[in-house]
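Dear colleague,

I am writing to hand over the structure shown below.

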Amino acid sequence: MIGKNKLIPHLKQTQLDSFLSKVDRSGGIDSCWNWTGSRKAIDSYGKFPLGKKFYIASRLAYYICYKKDPADWLVCHKCDNPLCVNPNHLFLGTHSDNMHDMKMKGRAPRQPRKTHCIRGHALTPENTRVQGNKHSCKKCHYIRSKARLSASN
Ligand SMILES: [Zn+2]
Ligand SMILES: [Zn+2]
């Protein structure tokens with residue numbers, strides 16, 4: 001994981017000013033601060049050049065506000081707006097948090113869930129054991145725990 005994301009260099013005052021000049025803060029402290037500079041793609045996050053490299057605007061905003069490099073963490077948006085760089089709307093997450101977050105918001109396509117377990121029991125809501133994001137068959141679990149019991153007797 002280490003080194004996957006570019007570490008953010010120290011920003012010079014002129015770079016900081018230039019960064020802030022591209023942030024639309026007209027909506028006030030609680031609203032989304034939209035990035036008005038260049039973007040990675042038309043509907044994607046903002047980017048900002050430092051030296052010869054481009055950095056993701058929301059990561060820079062996080063760094064500038066919290067004085068902490070997000071490093072290997074993802075900077076996620078509470079507001080679901082990729083252009084937003086309001087530090088109050090940003091939080092650090094892992095890739096799976098982000099996927100979970102997207103799923104919660106209905107953005108990511110749901111993974112097609114199996115309809116039957118390996119023993120062929122129908123995976124109805126009543127017959128599905130949910131642990132975290134693992135789904136397993138209750139009947140199979142019962143069979144396994146019975147087998148374990150009789151093995152220990
Ligand atoms: Zn926002
Ligand atoms: Zn089963």
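**Findings**

Within the largest nonpolar core, which has 16 residues, those that touch the most other members are F48, A57, L60, A61, Y62 and V85. A nonpolar core is a set of buried Ala, Val, Leu, Ile, Met, Phe, Trp, Tyr and Cys residues joined through C-beta atoms within 7 Å; a residue is buried if 20 or more other C-beta atoms lie within 10 Å of its own, exposed if 12 or fewer, and partly exposed in between, with C-beta atoms placed from the backbone. Two or more residues of this core come from each of β4 (53-56) and α2, and α2 gives the largest share, five residues. Helices (H or I, at least four residues) and strands (E, at least two) are DSSP runs, numbered from the N terminus.

This is a predicted model, in which local features need pLDDT of at least 70 and side-chain atom pairs count only at pLDDT 80 or more, while totals for chains, interfaces and linings use all residues. Residues are numbered from 1 along each chain as its sequence is written, and chains are lettered from A and ligands numbered from 1 in the order in which they are written.

Strand β3 (residues 47-50) pairs with β4 in the antiparallel sense over four bridges; pairing requires that DSSP finds at least two bridges. L50 has K53 in β4 as its bridge partner. The two strands form a hairpin with two residues between them, and G51 in the turn has a positive phi of about 65°.

D72 is placed in the loop between α2 (57-66) and β5 (74-77) and is partly exposed, with 14 other C-beta atoms within 10 Å.

Of the 15 residues of α4 (138-152), the number buried is zero, so α4 lies largely in the open.

Conventions
Expected span 1.5 Å × (residues − 1).
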